[in-house]
Amino acid sequence: MEAPEASVAAELERLRGTVSTGFAEVKGALAVLVERSTRNEQDLKQLREDTDTAITALRTEVEELKARRWPLGVVGALTGVAGAATGVVSLFIR
């Protein structure tokens with residue numbers, strides 16, 4: 001028959017191996033999570049830079065379009081003048 005101290009020592013050794021294996025698995029899982037977190041931060045930073053670039057390009061394009069448009073008052077005045085001219089021409093043609 002085995003001495004109780006030997007069986008306790010064997011059981012403690014088995015438990016130590018189990019705990020060591022568990023810690024190694026947790027450490028590996030944490031390393032994967034840290035890597036994913038780092039990659040996500042890099043992706044987010046790149047996405048923000050791309051978005052800022054796109055927003056800047058869109059703002060520039062809108063400003064260019066605003067600079068090329070005719071103000072509504074000018075369009076209305078030209079339409080009125082054209083209508084008046086058409087009326088005057090039709091009045092004198094008769």
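Glu13 and Arg16 form a salt bridge, with the closest N and O atoms 2.5 Å apart. These are coordinates from a predicted model. Glu13 and Arg16 sit 3 residues apart in helix 1, so about one helical turn separates them. Glu13 is partly exposed at 45% relative accessibility. Arg16 is exposed at 53%, because the cut-off for exposed is over 50%.

The structure holds 3 salt bridges.

| Pair | N to O distance | Spacing in helix 1 |
|---|---|---|
| Glu11 and Arg14 | 2.4 Å | 3 residues |
| Glu13 and Arg16 | 2.5 Å | 3 residues |
| Glu35 and Arg39 | 3.3 Å | 4 residues |

Arg14 is partly exposed at 46% relative accessibility. Arg39 is partly exposed at 46%, and Glu35 is partly exposed at 42%.

Helix 1 covers residues 4-68, and helix 2 covers residues 72-93. The chain has 2 helices and 0 strands. Its radius of gyration is 40 Å, well over the 12 Å from the globule rule for 94 residues, so the chain is more spread out than a compact globule. The C-alpha atoms fill a box of roughly 135 × 20 × 15 Å along the principal axes.

Buried residues make up 0% of the chain. The accessible surface is about 8,700 Å², with 65% belonging to carbon and sulfur atoms. Trp70, Leu72, Val74, Val75 and Leu78 make a nonpolar surface patch of about 530 Å². Leu78 lies in helix 2 and is partly exposed at 46% relative accessible area.

The chain carries 12 positive and 14 negative charges, whose mean positions are 15 Å apart.

Notes:
Residues numbered from 1 in each chain as written. Predicted model: local features only at pLDDT ≥ 70, side-chain atom pairs only at ≥ 80, totals over all residues. Heavy atoms only, no water. Rg over C-alpha atoms; globule rule 2.2 N^0.38 Å. Buried < 20%, exposed > 50% of the residue type's maximum accessible area, 1.4 Å probe, protein only. Areas by Shrake-Rupley, 256 points an atom, 1.4 Å probe, with all protein chains shown as cover. Lys, Arg positive; Asp, Glu negative; His and termini not counted. Charge placed at Lys NZ, Arg CZ, Asp CG, Glu CD. Patch = residues over 30% accessible without salt bridge, like charges linked within 9 Å, V, L, I, M, F, W, Y side chains within 5 Å. Salt bridge = Lys/Arg side-chain N within 4 Å of Asp/Glu carboxyl O.
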